[in-house]
Amino acid sequence: MGNLIGKEVEEFKVWAYRMGKFAEIAKEDLLGHWSVLFFYPADFTFVCPTELGDLQDFYEEFEEIGCQIYSVSEDTHFVHKAWADASDTIGRIQYTMLGDPAGVLASQFGVLDEEEGQAFRGTFILNPEGKVRAYEIHDMGIGRNGAELLRKVQAAQFVEEHGDQVCPAKWKPGEKTLTPSLDLVGLL
C-alpha cells in the first residue's frame with residue numbers, strides 16, 4: 001500500500017446508525033466539510049468503547065470547527081444500535097456510526113485485516129473535497145486520543161488555509177506557527 005496523503009475518498013454507500021435512526025451514507029455526505037473516518041475493530045469489545053466515548057467527549061469541539069466524525073467498524077448498523085442500547089458509553093454518542101460489513105471502506109483505506117474480518121485502528125482526516133490530509137494506523141490493541149485528533153484536525157485546517165505556514169509539534173490554535181525559509185534551517 002502506498003502513501004494515502006491526497007487520496008480522494010472513492011464512491012461508496014453504507015448503512016449507518018446515529019442517535020436512534022438508520023440512514024444510508026455515501027461519499028457525497030463526506031464532502032463540503034472536514035471529516036474524520038475513525039476505524040475500529042468491533043462493537044462489544046474492550047478498547048473500542050473507550051475510544052468512541054473519548055471522541056464523544058470532544059464531539060462538540062469537532063462540530064465547532066466544522067468537522068464531522070464517522071466511526072467505522074465491520075459490524076452492521078443493526079449491531080451499532082444494539083451496542084448503543086446496551087452500553088451507556090455508546091448510547092450517548094451523537095456522531096454517525098458507519099456499518100462496513102463488506103469491508104468496502106476498510107479496504108479502500110487499507111485498514112482491513114482480512115484474516116480477522118476486522119479493521120485496524122485507522123484514523124483519516126479528510127478535507128472538504130474528500131482528500132486525505134492526515135492519517136495514522138494502529139494495531140488492534142493500541143487506543144487513540146480524542147484531544148490529539150482534534151489538534152491534528154485543527155492543524156490540518158490551519159495549514160490548508162495558510163499554505164505558507166506550518167504547525168510545529170504540539171501546536172494548538174492561537175500559538176505561533178512557522179514560515180519555512182532558508183533562515184530556519186537547522187535553528188530549531
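These are my notebook entries on the overall build of the protein and on two of its residues.

I began with the ground rules: this is a predicted model, in which local features need pLDDT of at least 70 and side-chain atom pairs count only at pLDDT 80 or more, while totals for chains, interfaces and linings use all residues. Residues are numbered from 1 along each chain as its sequence is written, and side-chain values use heavy atoms, with hydrogens and water left out.

**Overall build.** I looked up the secondary structure and found six helices and nine strands, where helices (H or I, at least four residues) and strands (E, at least two) are DSSP runs numbered from the N terminus. I then looked up the box filled by the C-alpha atoms, which is roughly 55 × 35 × 30 Å along the principal axes.

Of the contacts (heavy atoms within 4.5 Å) between residues at least 6 apart in sequence, 65% join residues at least 24 apart.

**Two residues with positive phi.** I looked up F44, which has a positive phi of about 55° although it is not a glycine. F44 sits in the loop between β3 (34-39) and α1 (47-57), and it is partly exposed, with a relative accessible area of 46%. I also looked up K170, another residue that is not a glycine, whose positive phi is near 65°. K170 lies in the segment after α6 (146-161) and is exposed, with a relative accessible area of 69%.

Notes:
Buried means under 20% relative accessible area, exposed over 50%, partly exposed in between (1.4 Å probe, protein chains only).
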